[in-house]
Amino acid sequence: MEKKLKFFKDRLKDSFDVKYREVDTALGKATCIFIDVLCGTSFVSEYIVKPLVLEKEHVFTLKDICCKVLSINTVGYPKDDEDALLHILSGDVIIIFENEKGMIYCEAKNIASRGVGIPVTESVLKGPREGFTELFVDNVALIRKRVKNSDLKFEAIYVGEKSKTVVCVTYIQGLAPKELIDYVRSKIKELDYQFILDTNYIEDKLRYKNTVFDTVGYTEKPDETVAKLMEGRVGVIVDGTPFVITTPFFFLENFHMPDDYYLNKYFVNFTRTLRWIAFFIATFMPGIYVATICYHYSMIPSLFVFRLAVSRAGVPFPTIIEVLIMMTFFQLIKEAGLRLPQPIGTAMSIVAALILGDAAVGAGLASRITILVIAISALSYFLIPKSYGAMSIWSIIIVLFSAFLGLPGFFAATLLLVTHLANLKSSGYSYLFPIGTAKEYKFKDLVFRGNLDNISKKVIEEDDIDEKKL
């Protein structure tokens, strides 16, 4: 006992919240070791310390302590001292005995956490309002209560040499391909970090390199996570963050929103059409504007050319500089609105856009037409929040190509973008699935949302088809 006690005191020294509670038990002197900020102290006193002191009859082994004395749900035996230390740091109580070689761990977690609330990043018009929290067990429970199926699996892996963060791989056995599960599991086990604080550490290992597009999905909503799992995907839950990773993630999903399955099908398809239009406006409209104004103004109606000339009168910069200045202004406004507290950020974004736009025209830095084009393009970003960062960067690339080469440069940049997207992979699957690939997947919701009975319908196996033919 003294040797074990010295090991724990050496490893947990200089920590005021580590408690050592000595008690007299039927097996002699014992010490309960726990961290009081992670454990319920009243629970420890009532269900661990009190039974150990009072119950002394017919108790001869550690098994008797577990079966006859301790009236709590989860008890067990640590494999070694390091395993026992991990249990203490996870919120369990370790009991070591004076005359016994083994130890007992008892679950007594009472970790402070944020309650289940409405996810800020994924607002919906209709549907569940529950969002994940930073507590790992709460997130598992939110998924469990929606899928009452024994095939739903949760595999816990400890990652981070110093932090020992719980990373959980979740999937539905029989739906998720075994190759995909093995791929995700192996990537997580390859991580050789000192600590893990967020899902981004895992995303960095799973995502396709050298691209600004997200090839790994993430969400704060349990219902969306369950929908992905039902499609045969793999989820990754990281303790301490409210975001859950799902993989593979396809380009078409950037245009899908969480409440698409709770609203009328025709309205959903109408809004998805608007998102596709917004994508093309945000990505290509500034490039077309620059190419047309700089090189191909003969394509513009003569009446509009006259108005354009009047509008640009007095602007000292070339069109490309004018466009880049305004794009930079709108990016600054957007970032400031996102980083400031919500009540201030919203008001500041509106005021800044109005003042900067009017001031830019008054100072002769930009024409009204340029401000209108960039404003519509910037507004379109927000219809597709999952990929607004990628669209922002690629729109600038297309503008630069258009400024140097005109429409040929615009088409070259567009072809470069399409080629880049076609080259991307998400956990071994084509990012543009199902475009240009024969690889099958249970992902049925494509450009337009079909009937829910087709999306949720059970997949018919080949054997079943053969039987029906017979």
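Buried, in what follows, means under 20% relative accessible area, exposed means over 50%, and partly exposed is in between, with a 1.4 Å probe and protein chains only. This is a predicted model, where local features need pLDDT of at least 70 and side-chain atom pairs count only at pLDDT 80 or more, while totals for chains, interfaces and linings use all residues. Residues are numbered from 1 along each chain as its sequence is written, and side-chain values use heavy atoms, leaving out hydrogens and water.

I start with two loop residues. Asp14 counts as exposed, at 79% relative accessibility. Asp14 lies in the loop between α1 (2–11) and β1 (18–25); helices (H or I, at least four residues) and strands (E, at least two) are DSSP runs, numbered from the N terminus. The phi of Asp14 is positive, near 60°, and the residue is not glycine. Asn210 also has a positive phi near 60°. Asn210 sits in the loop between α7 (200–206) and β8 and is exposed, with a relative accessible area of 76%. For context, most residues other than glycine have a negative phi, and most peptide bonds are trans. Pro248 belongs to the loop between β10 and α9.

Next, the sheet. Five strands form an open antiparallel sheet in the order β6-β7-β9-β10-β8, where two strands pair if DSSP finds at least two bridges between them. At the edges are β6 (152–159) and β8 (217–219), each pairing on one side only. Neighbouring strands are turned by 25° against each other on average, direction ignored; axes are lines fitted to C-alpha atoms, for helices over the stretch in contact, and angles run from 0 to 180 degrees between N-to-C directions. Helix α8 (residues 222–230) packs on the sheet and touches β6, β7 (165–172), β8, β9 (234–238) and β10, its direction making about 55° with that of β7. Contact here means heavy atoms within 4.5 Å. Between β8 and β10 (residues 244–247) there are three bridges, in the antiparallel sense. Gly217 has Thr246 in β10 as its bridge partner.

Last, is Thr319 buried or exposed? Thr319 is buried, at a relative accessible area of 6%. Thr319 is found in helix α11 (residues 319–339). Not counting residues up to four places away in sequence, Thr319 touches Tyr289, Ile293, Cys294 and Arg312. By contrast, Phe267, in helix α9 (residues 265–295), counts as partly exposed at 42% relative accessibility.
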